[in-house]
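Thank you all for coming.

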Amino acid sequence: MTDADLAAHLAEVAGRLLLTVRDSQVLSLKSLGKAGDATANQFLCHALREQRPDDGLLSEEEKDNLDRLAFSRTWIVDPVDGTREYGEERTDWAVHVGLSIDGVATTGAVALPGAGIVLRSDQPRALPAAPDRLRMVVSRTRPAKEALAVGETLGAELVPMGSAGAKAMAVILGTADIYLHSGGQYEWDSCAPVAVALAHGLHCSRIDGSPLVYNQANTYMPDLLICRKEHAERVLSEVARVSA
């Protein structure tokens, strides 16, 4: 399989495994989230180590091995992005399988198992037309103050949503136009979504406009902007204004 085929296949299978665990009806909330994380992580990590033994690997659910820094190619996975939403049996959670090459989110797939969708970097879709009033996805539990301020300035409709992957894919699917996050994330939260978003022609950067760099020793990523390219300059300008 190509890298893109592998990413999409693993994300889709992990999503089916997670639905099977959830449908067992013997777990709930936090215990369901932990079981789902463990199950999907074991599958993804074992599969990647067998299929791509010469690449590095970073997973949210495994202890980080800094040997990955020696690799040009490193897979970055989040077995369940939005564990809370998964445990609550919502649909706004995702499975991320991304590949960073020389620090760039190059290839990836994001499965939205609750919706039966896998979006992938090698099969871009046509983006729906943007509406007159922009829509900004924000955290449903702790929306970032910068996002709220920018949304107000832009007159954007705020769309509360769960996982980072679900938010990023909402821009591709046409249910949102801007995903602005400043509350802190980690590489696995955005690598696969950014690879898919870039392949769809979207703007992806830090909120100061600088590039997103992956496979770093410190996996913390403070902020993220994913939006249509025609909106990027205005959004970045407003972020700079409200952050000044």
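**A walk through the model**

I would like to start with a proline, because proline 53, at 55% relative accessibility, counts as exposed. Its place is in the loop that runs between helix α2 and strand β1, the latter covering residues 56–59. Please keep in mind throughout that this is a predicted model. If you look from proline 53 across to valine 239, which is 186 residues away along the chain, you will find that their C-alpha atoms are separated by 41 Å.

Two packed helices are described by the angle between their axes and the distance between the axes. Here, helix α1, residues 3–23, packs with helix α2, residues 29–51, at an angle of about 150 degrees, and their axes are 9 Å apart. Why do we call α1 and α2 roughly antiparallel? Angles over 145 degrees count as roughly antiparallel, and the angle here is about 150 degrees, so α1 and α2 are roughly antiparallel to each other. As for the handedness, the crossing in which α1 passes α2 is right-handed.

Which residues meet where these two helices touch? From α1 they include Leu6, Leu10, Val13 and Leu17, and from α2 they include Leu32, Ala35, Phe43 and Leu48. When the residues of this contact are sorted by type, 14 are nonpolar, 3 are polar and 2 are charged. Among the residues taking part are Arg22 in α1 and Asp37 in α2.

Staying with helix α2, I would like to point out two of its residues. Asparagine 41 lies in this helix, and with a relative accessible area of 4% asparagine 41 is buried. What does asparagine 41 contact, once we leave aside its neighbours within four places in sequence? The answer is Ser59, Glu61, Glu62 and Pro79. Leucine 29, which is also found in α2, is exposed, with a relative accessible area of 53%. Leucine 29 has a positive phi of about 45 degrees, although it is not a glycine.

Another residue with a positive phi is asparagine 215, where the value is about 60 degrees, and here again the residue is not a glycine. You will find asparagine 215 in the loop between β10, residues 203–205, and β11, residues 220–221. Is asparagine 215 buried or exposed? Its relative accessible area is 10%, so asparagine 215 is buried.

Finally, let me come to the aromatic rings. A pair of aromatic rings is described by the distance of the centres and the angle of the planes. The structure holds 3 aromatic pairs. One of them joins tyrosine 86 and tryptophan 93, whose rings lie edge-to-face, with 4.9 Å from centre to centre and 70 degrees between the planes. Both tyrosine 86 and tryptophan 93 are buried. In the pair of tyrosine 186 and tryptophan 188, the ring centres are 5.2 Å apart and the planes are at 10 degrees, so this pair is stacked. Tyrosine 186 is partly exposed, with a relative accessible area of 37%, whereas tryptophan 188, with 11%, is buried. Together with Tyr220, Tyr186 and Trp188 form one aromatic cluster, and with that cluster I will stop and take your questions.

Note on methods. Residues numbered from 1 in each chain as written. Predicted model: local features only at pLDDT ≥ 70, side-chain atom pairs only at ≥ 80, totals over all residues. Heavy atoms only, no water. Axes fitted to C-alpha atoms, helices over the stretch in contact; angles between N-to-C directions. Helix = DSSP H or I, 4+ residues; strand = E, 2+ residues; numbered from the N terminus. Parallel < 35°, antiparallel > 145°, perpendicular 65-115°, else oblique. Left-handed = near helix turned anticlockwise from the far one by under 90°. Contact = heavy atoms within 4.5 Å. Nonpolar A, V, L, I, M, F, W, Y, C, P; charged D, E, K, R; others polar. Buried < 20%, exposed > 50% of the residue type's maximum accessible area, 1.4 Å probe, protein only. Phe/Tyr/Trp six-rings, centres within 6.5 Å; stacked < 30°, edge-to-face > 60°.
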